[in-house]
Amino acid sequence: MAAYRRKLFAVGLSCAASLMSRGSCQSGRRPAVLPTLLRKNWMSLSVTGALCAVPFIQKPENSTHAYLVRRASSLVRDSANAYLSQTTSALLDSFSGYIKAVNRLVTIHKRYVASMSKLTSAEQDAIWQVILRQRQEVTARKNDCKLFESCWVTAINLSKLAAEVAVNAGADQASVTGQDSIQLTESQVENARQQVLEADRQLKDSKAEDSERPQNALSTAMED
């Protein structure tokens with residue numbers, strides 16, 4: 001179990017690092033630097049070969065180890081929930097973007113097929129290029145969905161482990177809050193998945209993703 005948790009934590013770090021690397025490529029802004037006073041209150045620990053920063057707070061004389069463990073477990077829960085919230089938002093947005101891209105492709109392809117005989121060869125050419133570009137957009141959006149869904153699954157598992165940690169530490173309220181967040185998130189994602197499945201069904205029925213350009217359109221273009 002301990003080995004599984006270390007592996008899961010490493011996967012979470014890898015996923016987060018991948019997203020941070022992707023974001024840094026899209027932005028020229030420098031990362032924020034922690035103030036000197038704040039940096040002094042943080043210490044770096046090596047976990048499964050990766051460095052992570054955790055708050056280092058001196059133990060008050062009147063605090064017990066049990067209290068500090070419960071407090072730490074609540075911080076773990078809060079961090080896991082923050083990661084889950086961000087990955088859920090990213091996943092839902094990627095699902096929405098994919099559905100919109102699919103609907104646009106299906107609509108353009110349907111109009112192209114219906115009005116092909118009324119279009120000039122130049123117009124057919126132009127619309128077909130739009131269809132090809134929209135297919136690329138659908139593929140890119142689908143890849144985004146796969147990336148963020150992988151991160152979201154990791155976030156769900158981390159949140160479940162954090163809730164378990166909170167229970168073992170006696171932070172029952174933190175555990176209940178974490179479980180509620182997990183259930184709400186899973187419900188939202190499941191609803192979005194059903195919409196994605198419907199979009200996939202429409203895409204398959206329309207044959208807009210893999211159909212070839214009609215032969216009569218190609219012949220007309222070659223003659224011109």
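This report walks through the fold of one protein chain and a few of its residues.

## About the model

The model is predicted, so local features need pLDDT of at least 70 and side-chain atom pairs count only at pLDDT 80 or more, while totals for chains, interfaces and linings use all residues. Residues are numbered from 1 along each chain as its sequence is written, and side-chain values use heavy atoms, with hydrogens and water left out.

## The overall fold

Let's start with the whole chain. The protein chain has six helices and two strands; here helices (H or I, at least four residues) and strands (E, at least two) are DSSP runs, numbered from the N terminus. Reading from the N terminus, the order of elements is α-α-β-β-α-α-α-α.

How much of the protein chain is buried? Of its 224 residues, 29% count as buried, where buried means under 20% relative accessible area, exposed means over 50%, and partly exposed lies in between (1.4 Å probe, protein chains only). The accessible surface of the protein chain is about 14600 Å², and 55% of this belongs to carbon and sulfur atoms. Such areas come from the Shrake-Rupley method with a 1.4 Å probe, and for residues only the protein chains shown count as cover.

Contacts tell another part of the story. A contact means heavy atoms within 4.5 Å. Among contacts in the protein chain between residues at least 6 apart in sequence, 79% join residues at least 24 apart.

## Helix 3 meets helix 4

Two packed helices are described by the angle between their axes and the distance between the axes. For helix 3 (residues 65–115) and helix 4 (residues 121–169), the axes come within 6 Å and cross at roughly 160°. Axes are lines fitted to C-alpha atoms, for helices over the stretch in contact, and angles run from 0 to 180 degrees between N-to-C directions.

Helix 3 and helix 4 are therefore roughly antiparallel to each other (angles under 35 degrees count as roughly parallel, over 145 as roughly antiparallel, 65 to 115 as roughly perpendicular and the rest as oblique). Their crossing is left-handed, meaning that the near helix is turned anticlockwise from the far one by less than a right angle, with clockwise giving right-handed. The residues of this contact divide into 30 nonpolar, ten polar and nine charged. Ala, Val, Leu, Ile, Met, Phe, Trp, Tyr, Cys and Pro count as nonpolar, Asp, Glu, Lys and Arg as charged, and the others, Gly among them, as polar.

Val 196 is part of helix 5 and, at 11% relative accessibility, counts as buried. Leaving aside neighbours within four places in sequence, Val 196 touches Phe 95, Tyr 98 and Ile 99. Although Val 196 and Tyr 98 are 98 residues apart along the chain, 7.8 Å separates their C-alpha atoms.

Ala 192 also lies in helix 5 and is buried at 12% relative accessibility.

## Buried or exposed?

Is Cys 151 buried or exposed? This residue of helix 4 is buried, with a relative accessible area of 1%. By contrast, Lys 100 in helix 3 counts as exposed at 59% relative accessibility.

Lys 207 sits in the loop between helix 5 (172–206) and helix 6 (215–223). Lys 207 has a positive phi of about 60° although it is not a glycine, and it is exposed, with a relative accessible area of 55%.
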